[in-house]
Protein chains: 2
Amino acid sequence: MKTSIATVSISGELPEKLAAIAKAGFDGVEIFENDFLAFDGSPADVGRMVRDHGLEITLFQPFRDFEGMPEPHRTRTFDRAERKFDIMQQLGTDLVLICSNVSPVSLGGIDRAAADFHELGERAAKRGLRVGYEALAWGRHIFDHRDAWEIVRRADHANIGLILDSFHTLSRKIDINSIRSIPKEKIFIVQLADAPLIDMDLLYWSRHFRNMPGEGDLPVVAFTSAIAETGYDGYFSLEIFNDQFRGGSAKAIAADGHRSLITLGDRVRRGPNATGLTVAAMPDRAPVKGVGFVEFSVDETDAAELVAILSTLGFHKTAQHRTKQVSVYQQGEIRLLINTERAGFANASYAVHGPSAYATALVVEDAAESMARATALGAESFSQPVGSGEVDIPAIRGVGGGVIYLLDKKSDLGRIWDIDFLTVQDDEKSPSAHLRTIDHIAQTVAYEEMLTWLLFYTAIFQTQKTPMVDIIDPAGVVRSQVIENAAGTLRITLNGAENRRTLAGHFIAETFGSGIQHLAFSTDDIFATAAALKQNGFRPLHISPNYYDDVEARFGLDPELSERLKAENILYDRDEYGEFFQLYSGTYGEGFFFEIVERRGYRGYGAANAIFRIAALKKQIRPDGMPALAKTRSRSQ
Amino acid sequence: MKTSIATVSISGELPEKLAAIAKAGFDGVEIFENDFLAFDGSPADVGRMVRDHGLEITLFQPFRDFEGMPEPHRTRTFDRAERKFDIMQQLGTDLVLICSNVSPVSLGGIDRAAADFHELGERAAKRGLRVGYEALAWGRHIFDHRDAWEIVRRADHANIGLILDSFHTLSRKIDINSIRSIPKEKIFIVQLADAPLIDMDLLYWSRHFRNMPGEGDLPVVAFTSAIAETGYDGYFSLEIFNDQFRGGSAKAIAADGHRSLITLGDRVRRGPNATGLTVAAMPDRAPVKGVGFVEFSVDETDAAELVAILSTLGFHKTAQHRTKQVSVYQQGEIRLLINTERAGFANASYAVHGPSAYATALVVEDAAESMARATALGAESFSQPVGSGEVDIPAIRGVGGGVIYLLDKKSDLGRIWDIDFLTVQDDEKSPSAHLRTIDHIAQTVAYEEMLTWLLFYTAIFQTQKTPMVDIIDPAGVVRSQVIENAAGTLRITLNGAENRRTLAGHFIAETFGSGIQHLAFSTDDIFATAAALKQNGFRPLHISPNYYDDVEARFGLDPELSERLKAENILYDRDEYGEFFQLYSGTYGEGFFFEIVERRGYRGYGAANAIFRIAALKKQIRPDGMPALAKTRSRSQ
């Protein structure tokens, strides 16, 4: 699969864009005309710069309002095309994109357009150039690739071909079966873009909301499969108009783009009929069987505070690393590691971010295979020195530069607890709170990183996303995106903050980056858990009584139940599958907190309750931005 | 006109919201239920807090999914309503909003809904409460205020009335004449919102894009006039869902809201038939006859640099303030004041923002009347001590805290030049560059301030806005909004930057706030001006030769013309009215620059050229964020 991206897809001046595109691993680049026009160098300079980066110019675009023009416009349009042909030859590219005419003076008629293209084909042939025709979804007369193809067919010229763009076809819900009958040699290039499904004006949608394949909701895999079935094996090129990408990091967006194409190729390859596509083989996305552990990097003072909280949550120390200052606190299947080493990555992470849950271990079938896939998709591998005889767990870098360890049972890796750790007996025996598993890991990221991590998780692991929802913080909207697997053994929520006054934004600002802001543990009996927590001296987050009056009325709850919920500060929700109970801790550090949930069939994450939970949590963040947990806890004693 | 706003319209916790709403001058407030539920205080506490602010609770809202429910839902829904009635009585409000049912289990039928409302009316009456019914634009069965009104009519109960919302009616383009036949006593409250005209899913549009009346494109004045014609004189209440407002300053958004309502009332009052509305009289919006002067606050070093540039632009010193360090540089009708005072507001502005064009004088028919209108609309008046016998020009605070003086010829104010200034002879005679007027003033503002200043200018002065356009900066999208009058004597462009790496964002970051980033002067002969500038040693902004090849091809220009444009670095554009020529200076200070334009009938601002101009200007901003003008100029010498 030959990969390409249009310069318009990323931010920066032309040289900066090309460097980012080359670094991300693309084979080619579409030169978007405005990027070239704004550059203070000749077309030959640009061509040289592209080739110096090891890239090929896959396309020069766009040429607008060509076909079906009446005179005198027609003559001028052909003259204009000749001028662009001059530039293409100097740039060193043979392909130009003509998008369907939107001019009010243009005339319709398939044959008129075909005749124009035939004549242009003659002119292009003289120079050894090729012209690709693309149906814009909002073209004046031509807005369907089937009509564009008919024009190309009738133009009947070797130098005239079709350009397919997933956005233009899929935004209009055009049947992709119609692609399968197009001869592969007449498809000159394929452009790809995804987009979230929001019903709006096509041009507005296209200009502002496009994103990378896999980041949106369009059936780009099916579209690409249909193309692969024609035998087409040329460039697949990203053409993404997105306000966020235009203002983002060129390097990061280009890397996302390359990852999205490679993932797409892999998915198409795994389809039934994708005979045409050359795609490098890699292991399939791994099903994640659970969260092996979450590791905190803290100093001794933080550790004491954290251990105190974990103790009220019913965790006991069950193991100690043989050579490092790492303790394991356990309850049910949940393992939390507390790392107070003064050296190594955990310590470095602590120095930058302060106390944080910096590492997560995911249990997979075959860790080596998962590593192979992750690195094939450009994930950064992570390793640090381990003691002699200790287990070297494969790992990659994740959100906020944190670590994702890959654990399996196939090899020695599953034996980490036996090899690296010593079992210990906890003297202080606070009762268990019946917590069983990690229900979900909530990561807070800068809003502009959300798509990056969405793509990261869904490309590497067998997971899917659910629709993004808006969470109302008193200081602004926070976007929330779920990534989960069908078994419910991996659930991640990504919360994207646009301003630093929201709870999420505060966390990012104060911890100097994205990361895990809360962990949700599951219980089978929220009330038994609440009782145990109370006995342990845990102080739950106080929820306004007004909330409970509303919940009782809204869901028609038995007043006895709603009284119990209120007494225990338990939030309630319900969906078509069942009931949901949520109990929160106060905040620790710069806004980190714990959640306990009971799912009685419920599949969501209590989004409707978030506004109340956030309002309550924010009361604990003091105006000067310092943690208020100490205060809260001393009050409870 | 009684003014109200829903708590959901602004950011913050409930107490913060109420304080901002009271301070902005509203008479009442709608309590949005979630704001109440998240608040940790009783309904009575909330009611007291509202009244302590001198506000009235105009509405409790929303109550969802009421009418047309089958059993057992129906009974539960009525129970739920009784629970909300309890809260209303404790809050101290008599009106609740029921929005049309969206539940999939709800049943249609006007009579069924009317019967439900009649029964609810009976229950409400027992408590002295009233229920208003509103048709959501996306209601399941009812999505048109005409149908909602028919239900209310058939419910035939004194305690059941209609709630009209401009967004729900206007988003569906429902004929507003249908409002005129509704008896005023059956309209329980009117909600107002505007929105930009973008064709999209109604719910998505409503949830994210609403804005204050006058900030969008909906015919809210006509809608409100139709209501006023019924004789309705109750509350007009803003209900605005807008992501930007939710993340913005509660105080600023509330102030905008109040200004928008007062402006709307004034516009309705000036309509032909608005007999019902009680609106305080104020002078009409003033037509601006021109820009009297623009004043720079600088220190002596900056002044020398600025004078050097102005000299190359063909300006001469023509006057000197009698008592202050203020010089006047003039050309054609353009007056630029250079203020190097070590005291007073200009000096204070310099201390905060560095060298800047901090004040503008607008020429109006009657400055006192314009002041009266501006202050009635909440503009902050500005004054500072003047010398004995000197003219005290009325003024208000504008963008970035800068000053807008109001000059007229009616009173002494027009005589400022005769009274406060002494005419001087400039010794150094660089030839005039034939500059005539200030064509436009370009102000750069933080993106979230754009609507504030749009509303400010259009509410106070006789101006109108043109559609917002996207300007592509290599580092991101910049939104550009024009405010202008029909005569072309006042033209302002507002450029809103979302990130600090754009040219606009850099300007805001480095000058610590919004302000004038460039001034565009007009000429009648761009080539004569270019020749004069060259003679004066002016160095124009260098534009890439690639641009000229494209312009020649795109517009079919005579190659001789395009060669001339290229030689002089003049940008070219054309619209249906005529041609446009633009010539730019390099940057001064933190990104300030000058533009010279010739309009041959053209009405736009060269938006299509902005990408090339920005790319060229950004080359002058050094990576460390320091001004590069000195470097550029020394190179030219």
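**Group meeting: salt bridges, an interface and an annotated site**

Let me start with one pair. A:R127 and A:E82 form a salt bridge, with their closest N and O atoms 2.7 Å apart. A:E82 belongs to helix 4 of chain A, while A:R127 sits in the loop between helix 5 (110-126) and strand 5 (130-134), so the pair ties together parts that are 45 residues apart in sequence. Before I go on, please keep in mind that this is a predicted model.

How exposed are the two partners? A:R127 is partly exposed at 22% relative accessibility, and A:E82 is partly exposed at 21%. A:R127 also has a salt bridge with A:D86, where the closest N and O atoms are 2.6 Å apart. The relative accessible area of A:D86 is 30%, which makes A:D86 partly exposed.

Chain B gives another example. B:R397 and B:E380 meet in a salt bridge at 3.8 Å, N to O. B:R397 is in strand 15 (residues 395-397), and B:E380 is in the loop between helix 14 (367-376) and strand 14 (381-382), 17 residues apart. Both are partly exposed, B:R397 at 24% and B:E380 at 49%. Back in chain A, salt bridges with shared partners join A:R74, A:E82, A:D86, A:D116, A:E119, A:R123 and A:R127 into one network. Over all chains, the structure holds 76 salt bridges. As a general point, side chains of opposite charge can pair when their charged atoms come close.

Now the interface. How many residues of each chain are in contact with the other? The count is 54 residues of chain A and 54 residues of chain B. The area buried between the two chains is about 4300 Å², and carbon and sulfur atoms give 52% of that. On the chain A side, A:L37, A:R83 and A:N546 supply 14% of the area buried against chain B, more than any other three residues.

There are six salt bridges between chain A and chain B. One of them joins A:E552 to B:R83, at 2.8 Å, N to O. Several elements of chain A supply at least two residues each to the side that touches chain B, including helix 2 (33-37), helix 4 (73-91) and helix 21 (607-618). Helix 19 of chain A gives the largest share, nine residues. By type, this side of chain A has 20 nonpolar, 14 polar and 20 charged residues.

Next, an annotation. An unreviewed UniProt entry places the feature "binding site" at A:H440, A:H518 and A:E595. Why say that they gather at one spot? They span 156 residues in sequence, yet no two of their C-alpha atoms are more than 9.2 Å apart.

A:H518 is in strand 23 (residues 515-523) and is buried, at 5% relative accessible area. The residues touching A:H518 include A:H440, A:Y584 and A:E595. A:E595 is in strand 26 (residues 592-600) and is buried as well, at 1%. The side chains of A:E595 and A:H440 are joined by a polar contact of 3.3 Å.

A:R210 lies in the loop between helix 8 and helix 9 (220-229) of chain A. The side chain of A:R210 makes a polar contact of 3.4 Å with the side chain of A:H168. Among the residues that A:R210 touches are A:D165, A:W205 and A:E239.

Technical notes. Residues are numbered from 1 along each chain as its sequence is written. Chains are lettered from A and ligands numbered from 1 in the order in which they are written. This is a predicted model: local features need pLDDT of at least 70, side-chain atom pairs count only at pLDDT 80 or more; totals for chains, interfaces and linings use all residues. Side-chain values use heavy atoms; hydrogens and water are left out. Contact means heavy atoms within 4.5 Å. Buried area is the accessible area (1.4 Å probe) that two parts lose on being put together, summed over both. A salt bridge is a side-chain nitrogen of Lys or Arg within 4 Å of a carboxyl oxygen of Asp or Glu. Helices (H or I, at least four residues) and strands (E, at least two) are DSSP runs, numbered from the N terminus. Ala, Val, Leu, Ile, Met, Phe, Trp, Tyr, Cys and Pro count as nonpolar, Asp, Glu, Lys and Arg as charged, and the others, Gly among them, as polar. UniProt positions are given in the numbering used here, feature names are shortened, and annotations may be inferred rather than shown by experiment. Buried means under 20% relative accessible area, exposed over 50%, partly exposed in between (1.4 Å probe, protein chains only). A polar contact is a pair of N or O atoms within 3.5 Å; within protein, one must be able to donate a hydrogen and the other to accept it, and residues adjacent in sequence count only if both atoms are side-chain atoms. Lists of a residue's contacts leave out its neighbours within four places in sequence.
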